[in-house]
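Open the model in your viewer and keep the selection tool ready. The stops below go from ring pairs to a pair of packed helices.

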Amino acid sequence: MTVVFIILFLLFAAGNLWANFKENVRLANLTKPFLMLLLMGLLLSLVKTPNAFVVAGLIFGLAGDILLISKKSERLFMAGLVSFLLGHVCYIVAMFIKSAGFSPAFAVLSFAALAVVGVLSYLSLAKKISSEMKIPVIIYLAMLVFLNYVAVNILAGAFSFAALLLFIGTASFYVSDYILARGRFSERLKKQEFVVMTTYIAAQVLIAAALIA
């Protein structure tokens, strides 16, 4: 069964990325909801007792994917934002369960560095964000920064291949969400959806692989 999930996930991921690269919106929207479903199926076929918080994070990711298919509705965008926010909370809880503790000195330095990254990211978008969306965007961005903060401290505290995958995954999530937000509130990049989905798929796969057991 695992082989079947691997093949299906790779096919749908490749199809979605191809569709986004070619700007085939219908095919991109059709394949998108299957990505997290198949990733969950794959991970559950590999692990007998999966981390419940990781599974919950993927479920919230699936909900967010569906809610964000509509590019025009502000309400659906807000609902998608909340869904992904809850997914990040689940991943953070899973990380703390896995964590062996942080180095105090590195924790302070990394907090300062990532806080600067978060503030600069927000300032690059702030002028184009409506007043109703500013607080939600700040809260979501803060959670995304904290997700990366926990991951980099896990990596620094006890280096391992899983910790490296986790950090790359959370960093990819940051890149994906920042590009998505920039396209919505400021200016779109060329082939934006392709870049967003490439980094998003990588993020979900790496985070789940690092934390699922």
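A residue counts as buried under 20% relative accessible area, as exposed over 50%, and as partly exposed in between. The model is a predicted one. Select Phe 146: its relative accessibility is 33%, so this residue counts as partly exposed.

Tyr 149, at 13% relative accessibility, counts as buried.

Now show the aromatic rings. The whole structure holds nine aromatic pairs. In one of them, the ring centres of Phe 146 and Tyr 149 are 5.8 Å apart with planes at 25°, so this pair is stacked.

Next, select Phe 12 and Phe 34. Their ring centres are 4.9 Å apart and their planes lie at 35°, so the pair is tilted. Phe 12 sits in helix α1 (residues 2-21) and Phe 34 in helix α2 (residues 25-46), so the pair ties together parts 22 residues apart in sequence. Phe 12, at 25% relative accessibility, is partly exposed, and so is Phe 34 at 37%.

Last, select residues 74-98, helix α4, and residues 131-157, helix α6. Their axes come within 10 Å and cross at roughly 25°, which means that α4 is roughly parallel to α6. The crossing is left-handed. Residues making the contact include Phe 77, Leu 81 and Phe 96 of α4 and Tyr 140, Leu 147 and Phe 146 of α6. The contact residues divide into 22 nonpolar, one polar and one charged.

Technical notes: Residues are numbered from 1 along each chain as its sequence is written. This is a predicted model: local features need pLDDT of at least 70, side-chain atom pairs count only at pLDDT 80 or more; totals for chains, interfaces and linings use all residues. Side-chain values use heavy atoms; hydrogens and water are left out. Axes are lines fitted to C-alpha atoms, for helices over the stretch in contact, and angles run from 0 to 180 degrees between N-to-C directions. Helices (H or I, at least four residues) and strands (E, at least two) are DSSP runs, numbered from the N terminus. Angles under 35 degrees count as roughly parallel, over 145 as roughly antiparallel, 65 to 115 as roughly perpendicular and the rest as oblique. A crossing is left-handed if the near helix is turned anticlockwise from the far one by less than a right angle, and right-handed if clockwise. Contact means heavy atoms within 4.5 Å. Ala, Val, Leu, Ile, Met, Phe, Trp, Tyr, Cys and Pro count as nonpolar, Asp, Glu, Lys and Arg as charged, and the others, Gly among them, as polar. Rings of Phe, Tyr and Trp (its six-membered ring) pair if their centres lie within 6.5 Å; planes under 30 degrees apart count as stacked, over 60 as edge-to-face and the rest as tilted. Buried means under 20% relative accessible area, exposed over 50%, partly exposed in between (1.4 Å probe, protein chains only).
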